[in-house]
Amino acid sequence: MEILRQIEEKWREAWEREKIFAADPDSNREKRFITFPYSYVNGPFHVGHAFTATRVDAYARFKRMQGYNVLFPWAWHWTGQTIAGASERVKLGDEEFIRPLREIDGVSEDDLKRFIDPAYMASYYTNENRETVRRAGFSIDWRREFRTASPTFNKFIEWQYQRLREKGYVAKGTHPVVWCPHCESPTGDHDRQEGVGVSPEEYTLIKFRIDDAYLPAATFRPETIYGVTNMWIHPDATYVKADVDGEQWIVSEKAAGKLKEQNRKVEITSRFKGREIIGKRFINPINDNELPILPGWFVSPDHATGVVYSVPAHAPYDWVALRDLQEKPESLKEFNVDTDEVRSIRPISMIEVEGFGDFPAVEIVEQLRVKDQSDPKAEEATKLLYKKEFHGGILKEICGKYAGSRVYEVKDRLIEDFKKKSIADSMYDLPQPVTCRCLTPCIVKILEGQWFLRYSDEVWKEKTRTALRKALVYPESAMQWFLNIIDWLRDWACARKTGLGTPLPWSPDWMVETLSDSTVYMAFYTINKHIKEHNIKPEQLTPLVFDHIFYGKGNLEGVAEESGISSQELKDMRREFLYWYPVDLRNSAKELVPNHLTFFLFHHTALFPEHLPRAIGVNGWLMLEGEKMSKSKGNFATLRGALGEYGADATRCALLLCAEGMDDPDWRRENVRDVGNKLESFYNLAKSTFESEGATERDHLEEWLISTLQHRIRKVTESMETLKTRTAIENAFYEIWNDIRWYRRRKEKINTETQKQILEVWTRLFAPFAPHICEEIWSKMGKEGFISLAEWPEHDEDKVNIRAEETEELVKNVLEDTSNILRATKMVPKRIYYYSASPWKWKAYLKALEQSLSKKIDLSSLMKDLMKDPELKKAAREVAKFARQIVDEANRMPDDKRRRELQVGAMNETQALKQAQHFFEREFDAEIYAHSEDDRQHEDHKKRAESARPYRPAIYIE
RNA sequence: GCGGGGGUGUCCGAGUUGGGUCAAAGGAGACAGGCUUAGGACCUGUUGGCGAAGGCCUGCGUGGGUUCAAGUCCCACCCUCCGCACCA
């Protein structure tokens, strides 16, 4: 282990000394621009980040070895609220938060004190993580590094947002948010004490006329207006009459407050208990029916308007509440209500649902035995029936122009129609209570004048879809996900008032939000090298400068003069941008699919339509010992810790062996240790290989090994091309090792030349994954230069030897069959006789294969064909018997296997088995004899020997 | 609810696009043997069941179906993980 550590340090220093990962434009070489989304610096880089980053690095290394000019840059995400929030928690002395910083991150008390400054905290982790990333051996061009809080980067973001706005992609908007009145800010999920996942829902308000005012009853089911029988008002809740945008509304007192936050002008003119209006009559605007207001204790004044209309045929609550009144007329005594009228109210059927009669609510209430309106089962009944009616319900005749339609089809149109006719209005509310961390109950607020990225814009969406379809997506199954996200995306609030970030250039009291400033920054990598090198000042980076660099706009001299950046530098930057862009691969964990990766596409279509991303990779989310990683639960592994414990190569390999595609990798310490041990023995094996001198005899086994290696090369290469890193490393490491193992098991005297030849290729195939150890082996083999820059092995068809491969197939078959017999018979063999198939059998066999190539064969046609051959005709009887055995086999054989065997033709199995004689002797500890079936040793072997078939020699054991 | 992923042997995990070489790669664990002063190191082998001859039986979430043949195709169902926005 120690030796590996030294090796790692040595090579990392060598790479840095020789600056081999610093990439500059080179018109003679094709480029590959490969990126990893910069990580947020509110904590240490962990093994989850490392999983994604290692995939990216392995790919970058692979492409570099293939001869591409590869750029893999790195940066740090400072922008956003999280660091500010974290810093705040340190300041407040939140022990729950601070303990992991001490125990997991190993932050000293001294530093901890300084964490009250968010910038300090960010720079602490930036430095910390830079060192960690360096030690992981990632092949990064560090000259382009930056942090998103740097003034030059801010200039880039300013340019980006100015241009986005000019193109109409940024606009002011008004949207409902969950709002904490105390904090005076939107309350995101992670800021909530209660109500995680709850978001504002829009209720339709149906405006029922009552005297000179309206009763705006809230509902999700405005279509049920055709079945209204009465209104429900909570008798003991406080209601108000208020002037709402010029109309008189009667709503609960709470509702009036909510409406105010939703941009309505609300002036309360009177307050009263609900009971005061119970018994009054209102008018259903759809049919001018006059109906009564009744007391409903189930009505919550906290919910929407606190006014509910009653549809007893289809709403379980309404039916139960009505039934309560009808069964207990005495409860109406205190109200000014005509009990006879209440008794005469009948549900009005207006939706037809399969499996129910006219009054589904009545039926379901009976089925579930809902006792009364305070029974929790009423809620269940409601949900059940709503779902059923929404998907399967058809509006009845009574519903006028909407009759015959399904509820889900007609709902949106109906709401729109009602609104147009001023029958309906709407308001937002939370379906469940939400409480802020500060313990204040949240409400819905309609925020005005926020800045939005207009992701809802259909034209922009379509451009983005096109961009996506043109790009490669790994794994392919993520493509559909992206398309769905593009469909689903709404406008995105892209600026905030708090946290770190770049101020919006036209409205500096807003700051560009963190997921909105990380969409096209890859372009900044291409020029940041020059900005740093020439010490270009932020104020020199005017929008015109960026226009020139990215779009070639403006006169070079003019731009140079205006900015004070030399024309040569401007030229270089433009050249550098044009050389590296577009991004060839962007890879991240799948959590970024619904936001960052999709935004990345949107913004590129908006700003760099000529330079659209070529490929996007998505990978799973790392688990730790089978559990989600969680700092607060102590289930957390930093990359730094892993590197210290297992070394870089073992960490990298173990990570990549965990998973590929969108599967979630599972990091288990035990596995990592194993991988570390395997690496060590790989190193020892390599060492013993290049240090040894030995036999140089070659037979088909060397051919076989080299041939098999060609398949491995192809598999690893193909896998890497599509970012199947697990398959790639699995083949590049374990499979080749197994091949070598088989070779060594088979061969008496190892051919060291061949071994070295194999090792030379093997090491290169493995280098993207375990670069340090491979560098060491490479140099120990006496190779010039770095393996990191060595040529990627190419599959060489000329080295493929099917005959050698099939010969080994034969040996493996025989080995397996023999073992099988020994196991079944429990014999301890003294002598084993192998009898290979007679030449005429081969002739017939190959004939059968040939025929089956084009069609399904049958016995008679095969026989007919075979009988054309005079030699076979002589032994017609045996041939017929044999043909029967091979017809099925030939038919069933996969085509490529058939072709292979035909290509190999008749094999001299006797010879092959004789060559393997010592091998079998070792394996079975018995004398081995190999002959043709025609040449059998003992007459009593006859019966058995006759059963020989091509690739299945007969076996006789004694 | 909507959208996406996935259910394979003791465990992890390939294989499913284009059905046959699949009792099913690779790894882990377990077992046996070797090396060794020793080893949680390494090397070699075994690892569904049955079997006195290379075979048979069971088997890839559940239930049906198509086919000479299904882990792979079709239908229905069950389970599970992830995302669902003012936030990284």
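Of the atoms of RNA strand B within 4 Å of the protein, what share belongs to sugar or phosphate, and what share to bases? In this predicted model, sugar or phosphate accounts for 59% of those atoms, and bases supply the rest.

**The surface around the RNA**

There are 63 residues around RNA strand B, and those that come nearest are Tyr40, Trp492, Arg496, Thr514 and Arg741. By class, the residues of this surface comprise 23 nonpolar, 19 polar and 21 charged. Helix α25, which spans residues 725–746, contributes eight residues, the largest share of the surface near RNA strand B.

The table gives three of them, with the atoms involved on each side.

| Residue | Protein atom | Atom of RNA strand B | Distance |
|---|---|---|---|
| Asn484 | polar side-chain atom | sugar or linking oxygen | 2.8 Å |
| Arg745 | side-chain N or O atom | phosphate oxygen | 2.6 Å |
| Arg892 | backbone N or O atom | sugar or linking oxygen | 3.0 Å |

**A pair of helices**

Two packed helices are described by the angle between their axes and the distance between those axes. Helix α14 covers residues 458–470 and helix α15 covers residues 478–488; their axes come within 10 Å and cross at roughly 170 degrees. Because angles over 145 degrees count as roughly antiparallel, α14 and α15 are roughly antiparallel to each other. On the α14 side, the contact is made by Lys461, Thr464, Arg465, Leu468 and Arg469. On the α15 side, Met479, Phe482, Leu483, Ile486, Asp487 and Trp488 take part. Sorted by class, this contact has six nonpolar, one polar and four charged residues.

**Two asparagines in one loop**

The loop between β15 (281–283) and β16 (290–295) holds Asn289, and Asn284 is also placed in the loop between β15 and β16. Is each of these residues buried, partly exposed or exposed? Asn284 has a relative accessibility of 1% and therefore counts as buried. Asn289, at 35% relative accessibility, counts as partly exposed.

Their surroundings can be described through contacts, leaving aside neighbours within four places in sequence. On that basis, Asn284 is in contact with Phe208, Ile225, Val228, Asn289 and Leu291. Asn289, for its part, is in contact with Phe282, Ile283 and Asn284. Between Asn289 and Ala255, by contrast, the C-alpha to C-alpha separation is 26 Å in space, and the two residues are 34 residues apart in sequence.

Notes: Residues are numbered from 1 along each chain as its sequence is written. Chains are lettered from A and ligands numbered from 1 in the order in which they are written. This is a predicted model: local features need pLDDT of at least 70, side-chain atom pairs count only at pLDDT 80 or more; totals for chains, interfaces and linings use all residues. Side-chain values use heavy atoms; hydrogens and water are left out. A residue is near a molecule or strand if one of its heavy atoms lies within 4 Å of it. A polar contact is a pair of N or O atoms within 3.5 Å; within protein, one must be able to donate a hydrogen and the other to accept it, and residues adjacent in sequence count only if both atoms are side-chain atoms. Helices (H or I, at least four residues) and strands (E, at least two) are DSSP runs, numbered from the N terminus. Ala, Val, Leu, Ile, Met, Phe, Trp, Tyr, Cys and Pro count as nonpolar, Asp, Glu, Lys and Arg as charged, and the others, Gly among them, as polar. Axes are lines fitted to C-alpha atoms, for helices over the stretch in contact, and angles run from 0 to 180 degrees between N-to-C directions. Angles under 35 degrees count as roughly parallel, over 145 as roughly antiparallel, 65 to 115 as roughly perpendicular and the rest as oblique. Contact means heavy atoms within 4.5 Å. Buried means under 20% relative accessible area, exposed over 50%, partly exposed in between (1.4 Å probe, protein chains only).
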